[in-house]
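Please look over the sequence and the model shown here before reading on.

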Amino acid sequence: MIYFDNSATTKVAPEVLDTYKTVSEKIWGNPSSLHALGETADNLLEQSRKQIAELLGCKSHEIFFTSGGTEGDNWVIKGTAFAKQEFGKHIITSAIEHPAVLNSMKQLEKLGFEVTYLPVDESGRVNAEDVKASLRSDTILVSVMAINNEVGSIQPLAEIAEVLQGHPNIHFHVDAVQGIGKGIGGLLSNDRIDFLTFSGHKFHAPRGIGFMYKKTGRMIEPLMAGGGQEKNQRSGTENLPAVAGMAKALRLLLTNESDNVAKERKIKQKIYDHVVAESNVTVFSKVDQTSSPHILCFTIDGVRGETIVHAFEEQGIYISTTSACSSKKGVISGTLNAMHVPEKIATSAVRVSLDENNTLEQADEFNRVFDQIYARFSKIFAK
């Protein structure tokens, strides 16, 4: 089996599973309890928080645990809107954000907020000048993802941050779910970024756990009301085994980040060079520094994406039709639509997404199977 669907979810690392199991068996107390078991659990919770903060180069009190990227995006966007609505109701985002962002925006529009959806170029990138032109006196939030989950475009976060330097009261949120461990740490550590959201299952941690970075001094309203956990910001008993596992997963991910990124880029390049040579293939992802090392989106023109996915699956290779969140809904990629890709081509789009466990040998096998599939559908091209 070759698994090339890592942007959808990753396999939990064995070391992480060991941590999860050990904590579940030996440190099962509630971190909010006053007795010794609770204190032990709370100590581990804070140790995990400190480890994540140190890995990201921030302060422990700036890390908040969530259930994943969807909750994190919802929390930042709605929490900002509710906290700052007396100062304005205008929000700026891009047309290619994850549904967790775009659908949160749609909900806020129903509540009287106004949202500007920035266009992207043919590579799927926002223009920082468009951000600047969209700013208003009542703008309270700019939310732009780090790496697009469908085509892999890296957004110009540094340029957007520069635009926002003169507007310190506007929150700047970055959905970094696809960006962690992908060689763009310098972008994510920009001091002008106020909020970052992450999802553990994208980097070999269990599902249902994530975290948010909230810059000191930035205020948002909590979405989860209850017992006052996470400094009264996110109530609910913390999922300690998953938190500890996620902290370990993040440490493992970042230990050899530069080597892993270089490896992923070589694999991506090998597949890219092979498929782009065919006349009836359209490739949407770049292989330069404006694109992620791990995502490659392409089509076999005239063949529906789900047909291509299943053809590869028959040979033991697992890919997806662009975003996993949309793959079973049969909807056209929102990113490709925003890139003005014709519907006839967009419906053929598939996504290969890599991680550090993939190999060049797997790329060779993918290319061999691709040739078989391409030949099978060649009669379509003759029509």
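H340 counts as exposed because its relative accessibility is 68%, where exposed means over 50% relative accessible area, buried means under 20%, and partly exposed lies in between, with a 1.4 Å probe and protein chains only. This residue is found in the loop between helix 13 (334-338) and helix 14 (343-346); helices here are DSSP runs of H or I with at least four residues, strands are runs of E with at least two, and both are numbered from the N terminus. The phi angle of H340 is near 65 degrees, which is a positive value in a residue other than glycine.

## How the model is to be read

This is a predicted model, in which local features need pLDDT of at least 70 and side-chain atom pairs count only at pLDDT 80 or more, while totals for chains, interfaces and linings use all residues. Residues are numbered from 1 along each chain as its sequence is written, and side-chain values use heavy atoms, with hydrogens and water left out.

N232 is not a glycine either, and it has a positive phi of about 65 degrees. It lies in helix 8, which covers residues 229-232, and its relative accessibility of 55% is why it counts as exposed.

## Two buried loop residues

A205 is found in the loop between strand 7 (195-199) and strand 8 (210-214), and at 1% relative accessibility it counts as buried. When residues up to four places away in sequence are not counted, A205 touches V12, V16, G200, M246 and A249, contact being defined as heavy atoms within 4.5 Å. A205 and L250 are 45 residues apart in sequence, and their C-alpha atoms are 8.1 Å apart in space.

S123 belongs to the loop between strand 4 (114-118) and helix 5 (128-134), and it is buried, with a relative accessible area of 13%. Leaving aside neighbours within four places in sequence, S123 is in contact with V151, S153, K286 and M339. S123 and E71 are 52 residues apart in sequence, and the distance from C-alpha to C-alpha is 28 Å.

## Two domains

The protein is divided into domain 1 (2-9 + 256-382) and domain 2 (14-254), with bounds that come from an automatic or database domain assignment. The C-alpha centres of domain 1 and domain 2 lie 28 Å apart, and 33 residues of domain 1 are in contact with 30 residues of domain 2.

## The whole protein

The secondary structure of the protein comes to 16 helices and 12 strands. Its radius of gyration is 21 Å, close to the 21 Å that the globule rule gives for 383 residues, so the protein is as compact as a globular protein of that length; the radius is taken over C-alpha atoms, and the rule is 2.2 Å times the number of residues to the power 0.38. Along its principal axes, the C-alpha trace spans about 70 × 50 × 35 Å.

Of the 383 residues, 55% count as buried, and residues 24 or more positions apart account for 73% of the contacts with a separation of 6 or more. The protein has 40 positive and 46 negative side chains, and the centres of the two sets lie 2 Å apart; Lys and Arg count as positive and Asp and Glu as negative, whereas His and the chain ends are not counted, and each charge is placed at NZ of Lys, CZ of Arg, CG of Asp or CD of Glu.
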